[in-house]
Amino acid sequence: MKKIALTKLDELFAAIAASKSLYLPVDTEKGAKYTAWTEGAKLSEATNTVRSAKDFFFPQVEDMASFKVEGKKIEVIDTRKEAEDFVVFGVRACDAKSFEILDSVYLVDPVDSYYASRREHGVVMTLACSRPTETCFCKAFGIDAAEPAGDISCWKTEDSLLLKANTEKGQALLDSLSMLEDAEDTAADAVKAATREIVEKLPLSNLSTDAFGGDKLSALFDSDKWESLSESCLACGTCTFVCPTCQCYDIRDYDTGHGVKRFRCWDSCMYSDFTLCAHGNTRTTQMQRFRQRFMHKLVYYPANNNGVFGCVGCGRCMRSCPISMNIVKVMKTLEG
Amino acid sequence: MREETLIPKIGVVTDIRVDTPDVKTFRVVGLDGKKVFEHIPGQCAMLSIPGVGEGMFSITSSPTNTEFMEFSIKKCGCLTSWLHMMEVGQQITIRGPYGNGFPVESDLKGKDLLFIAGGIGLAPLRSVINYVRDKKENYGSVHIIYGSRSADDLVDYQEIIDEWMADENVKVDLTIDRPQEGWDGHVGFIPSFVEELKPDLSRTVLICGPPIMIKFTLDGLKKMGFEESQVYTTMELRMKCAIGKCGRCNIGNKYVCKDGPVFRFDQLDELPNEY
């Protein structure tokens, strides 16, 4: 375990930013947002960022390839570049877990090279929560807010930042930071206990997942509660947008005037054209689309991933949904 | 950078056959004049015209064809309309092969086979039919029941007449939906035609066609005594990535692009009825 005084945080960030791009949550008018570090940037105290950290590895829009078209001829241009080294600081335990969930989609054969390159070049420095709030329910999915994963885990005590490397990549970064001092391995115990004590008292901490999982497919799919649950869904896709584990994408072509750019962008199963084919649509009603999103997280994903759920309990959908629908309401209604 | 399946290769269209008023069969090779990749019958490829879009198509030629791949494509949307406007020599992009394919080297080996196809549904089955014909020592007899709206809508008609009907190991029964001048063959829908023909219950069945045809044919087969576990079909849903990552072609926890497109009906029974 290493430590640095909180008064010297700027020095730490400057040292990291000297060799790699550094991003951290900074307060803006619209809430906390991951921002590239510049001198004087202040680390947000917010429980979490408005948008998740998935952008770092799975950006909202990215180029895939280009084509030159001339008469009947086509040339394929591989426009990929190896990602540059970067560090993202202040990732919470829930978002750190979401990376594992994205990994099990994008890093399984055939590996997604765009995502893989960013994962290889990114160092994730997590920060344990000190003030989990009433919209947090990571504990329901087996996540410990006081013990976040990542390449380096950090804890904030009253006067210091404690840092522990979990991977070789994390260790290499810590080794390069000469201003760090040694700390006792037990130095974070008190703040961990304080966080866990708050988590215990949170209203959603004991949300049960017993009614869900890969083996509950037909009972849940056929539930008559989907109709009423989805009735007021506007199909805006905000839940998908802010969700750290939503990873569906679209591939589109764009004629630049000098050629064709093929790019991918986030997509949402909540949209009516998501499954639209020339010959028809497999999900014609919003109820079916709504059901797909929650079935994916609570049943289909666990069925394919040894029971791990596709939700990390970050609570963003709860805060962002314009009609106040969210996964907790869905779970409680289906279960009850 | 590592290999990326999402970045396609170039294919050249070397021949275009007009099969029906809305189906054309395109012959495709790589820039070097050879096959772009090898495949298993029932597998698919992503074809695209840059700037228009990309779509998944079954490879209708058999892997035993060592020279080229063929795609029978029905004009029914934006991309397929563009593909139908192509001339010989046009380049397209191609990537694959994707999907599981039919179990030609395992479960189908040594079996008597019954193929039931409706309209363009013959395209994925033609790959298996020609594969089985080329390797007839490994399979039993072949019975093909094929139907279409009209005689003009039968895909691969010349090949059916010249090659399949001439093959002594193959029995072909054709039908069209409505009577038509110059047609002296069977008239009627496929499900009732199958029931009339009383196919041998020991056959393994491979079926592909419009969803409504599949549904009624399967009901009829079950009534005759066929088990769901001896009937295979191949599915088609909206796809973007073709490798189980973009998230849109799922039926329950299975992705049609990588876990399918070939499924047995007893396997489909375990999945939600959302296809």
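Trainee: What share of the 275 residues in chain B is made up of buried residues, and what makes a residue count as buried?

Mentor: A residue is called buried if 20 or more other C-beta atoms, placed from the backbone, lie within 10 Å of its own, exposed if 12 or fewer do, and partly exposed in between. By that count, buried residues make up 52% of the 275 residues in chain B. Please keep in mind that this is a predicted model, in which local features need pLDDT of at least 70 and side-chain atom pairs count only at pLDDT 80 or more, while totals for chains, interfaces and linings use all residues. Residues are numbered from 1 along each chain as its sequence is written, and chains are lettered from A and ligands numbered from 1 in the order in which they are written.

Trainee: Why is chain B called as compact as a globular protein of that length?

Mentor: Start with its secondary structure, which comes to 6 helices and 15 strands; helices (H or I, at least four residues) and strands (E, at least two) are DSSP runs, numbered from the N terminus. The globule rule, 2.2 Å times the number of residues to the power 0.38, is compared with a radius of gyration taken over C-alpha atoms. For 275 residues the rule gives 19 Å, and the radius of gyration of chain B is 18 Å, close to that value, so chain B is as compact as a globular protein of that length. The C-alpha trace of chain B spans about 55 × 45 × 35 Å along its principal axes.

Trainee: How many residues does each chain give to the contact, and what makes two residues count as being in contact?

Mentor: Two residues are in contact if their C-beta atoms, placed from the backbone, lie within 7 Å; by this test the contact takes 35 residues from chain B and 42 residues from chain A. On the side of chain B that touches chain A, the elements giving two or more residues are strand S4 (53–58) and strand S6 (91–98) of chain B. That side of chain B has 14 nonpolar, 13 polar and 8 charged residues, where Ala, Val, Leu, Ile, Met, Phe, Trp, Tyr, Cys and Pro count as nonpolar, Asp, Glu, Lys and Arg as charged, and the others, Gly among them, as polar.

Trainee: Which domains does chain A have, and how do they meet?

Mentor: The bounds come from an automatic or database domain assignment, which for chain A gives domain 1 (2–201) and domain 2 (214–335). Their centres, taken over C-alpha atoms, are separated by 25 Å, and 31 residues of domain 1 of chain A are in contact with 26 residues of domain 2 of chain A. S4(A) gives the most to the side of domain 1 that touches domain 2, with 9 residues, and that side divides into 17 nonpolar, 7 polar and 7 charged residues.

Trainee: Why is H2(A) described as largely enclosed, and how does its span agree with its number of residues?

Mentor: In H2(A), 10 of the 14 residues are buried, so the helix is largely enclosed by the rest of the structure. Among them are A:Phe99, A:Ile101 and A:Tyr106, and the buried residues of H2(A) pack against strand S6 (86–91), helix H3 (113–121) and strand S7 (122–127) of chain A. The expected span of a helix is 1.5 Å times one less than its number of residues; the 14 residues of H2(A) should therefore span 20 Å, and its end C-alpha atoms are 20 Å apart, which agrees.

Trainee: What makes S10 and S15 of chain B edge strands?

Mentor: Two strands pair if DSSP finds at least two bridges between them, and 7 strands of chain B form an open sheet with mixed pairing, in the order S10-S9-S8-S7-S11-S12-S15. Strand S10 (186–187) and strand S15 (262–264) each have a single partner strand, so one side of each is left without a neighbour in the sheet. For S10(B), 2 bridges join it in the parallel sense to strand S9 (residues 170–176) of chain B, with B:Ile176 opposite B:Val187.

Trainee: Which way do the residues of S12(B) point?

Mentor: B:Val231 and B:Thr233 point one way and B:Tyr232 and B:Thr234 the other way, and all are buried. In a regular strand the side chains alternate between the two faces of the sheet. S12(B) also pairs with strand S11 (residues 204–208) of chain B in the parallel sense over 3 bridges, and the bridge partner of B:Leu206 is B:Tyr232.
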